[in-house]
Amino acid sequence: MVLETERLILRNFEESDSMAMYALNRDSEVLKFTGDVPFSNPDEALLFIRNYDHYATFGFGRWAVLLKNSNAFIGWCGLKLNEENLVDIGFRFFKKEWGKGYATESAKAVLDYGFNILKLKEIIGRASKDNISSIRVLEKLNMTFWKQDRFMGVEESIYYRIKKNDYIKNISF
């Protein structure tokens with residue numbers, strides 16, 4: 001386990017997560033705003049997990065999110081050193097879990113970890129301008145609009161960011 005919240009456990013991906021990761025990334029609505037393509041089969045999801053080197057390389061990564069009361073895999077949330085050499089917070093959940101506050105709850109724990117354990121100075125978040133739900137999560141985290149740009153094939157993307165000092169001053173949870 002990496003992190004724990006009131007309702008959730010965040011931990012490193014395990015090979016046993018491969019079927020859930022495959023199912024998560026097969027949902028076109030889940031992937032709609034990401035620029036990602038679905039895994040072509042369960043073995044590709046397993047290979048992704050086996051080759052996922054962010055934990056060893058950077059000391060952080062995207063983490064599996066499990067419900068504490070059932071240990072069910074409901075999605076992922078975590079940090080990533082992106083192609084712009086910025087630390088990016090991201091999250092993805094099964095559609096049936098949308099609207100329950102899991103993205104905000106897990107992302108808040110990830111910000112805490114990033115700033116207080118990893119001693120990061122800044123964390124960014126990116127979303128398609130049309131992904132109102134993800135933008136709302138970034139705003140609930142007290143992240144502020146930074147710029148509009150393109151990433152991962154998503155033409156009109158909104159970038160948010162928060163600096164450690166602003167996070168500490170403005171925490172509202």
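Glu15 and Arg50 form a salt bridge (a side-chain nitrogen of Lys or Arg within 4 Å of a carboxyl oxygen of Asp or Glu), with the closest N and O atoms 3.0 Å apart. Glu15 lies in the loop between strand S2 (8-11) and helix H1 (18-24) and Arg50 in helix H3 (residues 42-51), so the contact ties together parts 35 residues apart in sequence. Helices (H or I, at least four residues) and strands (E, at least two) are DSSP runs, numbered from the N terminus. The model is predicted: local features need pLDDT of at least 70, side-chain atom pairs count only at pLDDT 80 or more, and totals for chains, interfaces and linings use all residues. Residues are numbered from 1 along each chain as its sequence is written, and side-chain values use heavy atoms, leaving out hydrogens and water.

**Salt bridges**
- The structure holds 16 salt bridges.
- Glu83 pairs with Arg126 at 2.6 Å, N to O.
- Glu83 lies in the loop between strand S4 (73-81) and strand S5 (87-93) and Arg126 in strand S6 (residues 122-128), so this pair ties together parts 43 residues apart in sequence.
- A network of salt bridges links Glu83, Glu84, Asp88, Arg126, Lys147 and Asp149.
- Lys100 and Glu97 form a salt bridge whose closest N and O atoms are 3.1 Å apart.

**Exposure of the partners**
- Buried means under 20% relative accessible area, exposed over 50%, and partly exposed in between (1.4 Å probe, protein chains only).
- Glu15 is partly exposed at 42%, whereas Arg50 is exposed at 51%.
- Arg126 is buried, with a relative accessible area of 11%.
- Lys100 is partly exposed at 39%, while Glu97 is buried at 8%.
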